[in-house]
Amino acid sequence: MKLKEIRDEKGTLSGVLIPADDIMELKESLKTGSKFFDYFDSLQSDRDNEKRKLDQLMLNKLTVAETDEKAAKLTTEIHREAFSKGVPMFYRDERAKAPKEFIRANPDGSEDLVRYDIATRSYSVLRSLLPAGKGYWSKLSIAK
């Protein structure tokens with residue numbers, strides 16, 4: 001088992017990292033029915049279910065994991081192409097609270113919180129979120 005000790009800046013032990021592949025081995029060394037045994041049993045079961053779901057074939061004959069990877073690559077290419085033309089891209093995450101709020105990823109790598117007005121079909125900037133080169137999509141920025 002390959003445990004890793006996690007220490008704070010003073011060198012005091014603050015935790016132990018257990019690789020997911022070693023959970024089964026650890027569980028087998030615990031007393032059946034103990035809280036730790038049940039906890040690690042639950043972790044192992046959840047992990048197995050996640051793996052099974054990711055390995056499940058979809059209608060496109062790819063696994064869920066392969067489909068996610070393909071979608072991520074396509075999204076990156078769409079953003080790269082838009083930024084190369086000076087066009088911002090819009091998405092939502094936890095920072096966009098109201099239904100009409102979006103994150104605007106700008107070609108310079110900055111991000112703004114914007115509101116979409118359906119009547120005028122326009123966006124208004126509510127506030128700047130991140131400066132140029134600091135946004136999530138900044139790795140694709142045209143202002144490198």
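Me: How many helices and strands make up the secondary structure of this protein?
Reply: This is a predicted model, and its secondary structure comes to three helices and six strands. Going from the N terminus, the order is β-β-α-α-α-β-β-β-β.

Me: What share of the residues counts as buried, and where is the cut-off?
Reply: Buried means under 20% relative accessible area, and 24% of the 144 residues count as buried. The accessible surface comes to about 10700 Å², with 56% of that belonging to carbon and sulfur atoms.

Me: Which strands form the open sheet, and in what order?
Reply: Four strands, ordered S3-S4-S5-S6, with antiparallel pairing. On average, neighbouring strands here are turned by 35 degrees against each other, direction ignored.

Me: Why are S3 and S6 called edge strands?
Reply: Strand S3 (89–91) and strand S6 (122–130) each pair on one side only.

Me: How do you know that S3 and S4 pair?
Reply: Pairing takes at least two bridges, and S3 and strand S4 (residues 101–105) have three, so they count as a pair, in the antiparallel sense. As for who faces whom, Phe90 stands opposite Arg104 in S4.

Terms used: Residues are numbered from 1 along each chain as its sequence is written. This is a predicted model: local features need pLDDT of at least 70, side-chain atom pairs count only at pLDDT 80 or more; totals for chains, interfaces and linings use all residues. Side-chain values use heavy atoms; hydrogens and water are left out. Helices (H or I, at least four residues) and strands (E, at least two) are DSSP runs, numbered from the N terminus. Axes are lines fitted to C-alpha atoms, for helices over the stretch in contact, and angles run from 0 to 180 degrees between N-to-C directions. Buried means under 20% relative accessible area, exposed over 50%, partly exposed in between (1.4 Å probe, protein chains only). Accessible areas come from the Shrake-Rupley method with a 1.4 Å probe; for residues, only the protein chains shown count as cover.
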